[in-house]
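Subject: Handover of a structure

Dear colleague,

Please find below the structure that I am passing on to you.

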Amino acid sequence: MIEATTFNGRRVAVFGLGRTGVTAALSLQAGGADVWAWDDRDVARDDAAKAGVHVRDLNEVDWAKFDELVLSPGVPHELPEPHWTASAAKAFDVPIICDIEILAREINARPEDDRPKLIAITGTNGKSTTTALIGHVLHSLGKDAQIGGNIGRGVLDLDRMHAGSHYVIELSSYQLERTFSLRANAAILLNLSPDHLDRHGTMDAYGEIKTRIFNNQTSADTVVIGVDDDFGKALTTKLKARNGRRIVPVSAQRALGHGVCALGGPLMDRTGRSGRVICDLTKAKALEGTHNAQNAAAAYAAVSSLAIEPKTIGEAILSFPGLAHRMETIGTAGRVRFVNDSKATNAEAARQALGSYKDIFWIAGGVAKEGGISSLMDLKSHVRKAYLIGESANEFAATLAAETLDHKVSGTLKMALLCATHDALASGIADPIVLLSPACASFDQFANFEVRGEAFRKEVEELMALFARDRTERAQGAA
């Protein structure tokens, strides 16, 4: 654990005692802060107290005496409505921060030559895969690398920092809007598409928050920007007008005169005087699809900025095993391949999987984001039939009916999987894909996308075992 010594002697309120809140409270306590931690849920308070957190009722305290409020990223401080703790903090001019800001201050307090290297990643989609890929590359090259933030461990639960260590941090917009001091040695913004607008209000506000990942960088640092969307292109032009940082555009849709691009397989580095091929991404089985080519280009650009030999980075990229719940092949039953893309919690994320496969038997639904799945209908030719689950099932059924796309309201994930598998096996198609890519949040039926993905995995494994037993019994009967 990282001890938050920069908060020594300060009185700090912590609200939200989930994974990041508990680690933040314990880090602050270890660093000498006077911590008042609270959660509206009884079970969360009880669990935190058992972990050693100083749980105290924030309803019964003088907020004027607090130096700062550490507010869980999932709790709003402005839109759609401020949480009561945020309102109390604002009334007394108490700054509202998150655990990423605490980490940033701890890093900044160390001598320059005793700091870890920090790679930060954000974007609407692809950030978890890119974060995991960078961590994998650094581990493969023998580096002390740790992954945290919006993926894996809370950042204050990472191992104690030291020179030679590398922190690879995934950052959501919820975290970035409460982070002010972070300086990344390499910062990545992959893309921007509509998401979380209930929280941020407008696309302009959402984009402004995402670009905070580049704040505080110096001429020694590297900016990596995906330029396959209009926001990234415009931002690159804007930042190039400012002198200082090294800017590396990345693309999987067009050749770049300067930057890193991946078109049709070769990952090409064109940041020097002459271009060179780093690796052939067709050999990276866990990085299927155009979007993953962009993720690989961004990961390469960030890691190579640390003066690591390009060829070794390429070799490590090809050995990446993939990310759970993101276009993850679970297995096969006969000709049918099962793919778990539970992490696709919005339409743009689902687009990546739908665009990467043909002959899809698509399981979709849950708590829909604004716009539903209408934006995906240009890919309807990739889908043989859709199986709809959860709260959005009837809404999605109406969209698909208007597009004359075959579909069925299945209701539950288990029923959708059974129907999709039956239809895929009976289709006679050479390589059918049963794809869970919900294009929705999971909260109507599952606690989070991980729980949804694990439920899918369990059901698929049972189906594959049943299929294998049936084939064995048939073979024995024929003998």
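Predicted model: local features only at pLDDT ≥ 70, side-chain atom pairs only at ≥ 80, totals over all residues.

Residues are numbered from 1 along each chain as its sequence is written, and side-chain values use heavy atoms, with hydrogens and water left out.

**The sheet.** Six strands form an open sheet in the order E14-E15-E20-E16-E18-E19, with mixed pairing. Strands (E, at least two residues) and helices (H or I, at least four) are DSSP runs numbered from the N terminus, and two strands pair if DSSP finds at least two bridges between them. Strand E14 (328–333) and strand E19 (407–411) stand at the edges with a single partner strand each, so one side of each has no neighbour in the sheet. Within the sheet, strand E16 (residues 360–365) runs parallel to strand E18 (residues 383–389), and six bridges join them. Phenylalanine 361 has lysine 385 in E18 as its bridge partner.

**The second largest pocket.** This pocket has a volume of about 510 Å³, a volume being the space filled by probe spheres set on grid points that are joined across faces, edges and corners. A pocket is an open set of points on a 1 Å grid over the protein atoms alone, where a 1.4 Å probe fits, with protein on both sides within 12 Å along at least five of seven lines; lining residues have an atom within 4 Å of a point. The lining has 20 residues, of which Gln253, His291, Glu348, Arg351 and Gln352 lie nearest the centre. Helix H10 gives the largest share of the lining, four residues. In H10, 14 of the 15 residues are buried, so this helix is largely enclosed by the rest of the structure. Buried means under 20% relative accessible area, exposed over 50%, and partly exposed in between (1.4 Å probe, protein chains only).

**Two residues.** Threonine 399 is found in helix H13 (residues 393–402) and counts as buried because its relative accessibility is 17%. Histidine 162 lies in the loop between strand E6 (144–149) and strand E7 (165–170) and is partly exposed, with a relative accessible area of 32%. The C-alpha atoms of histidine 162 and glutamate 177 are separated by 27 Å, the two residues being 15 residues apart along the chain.

With kind regards
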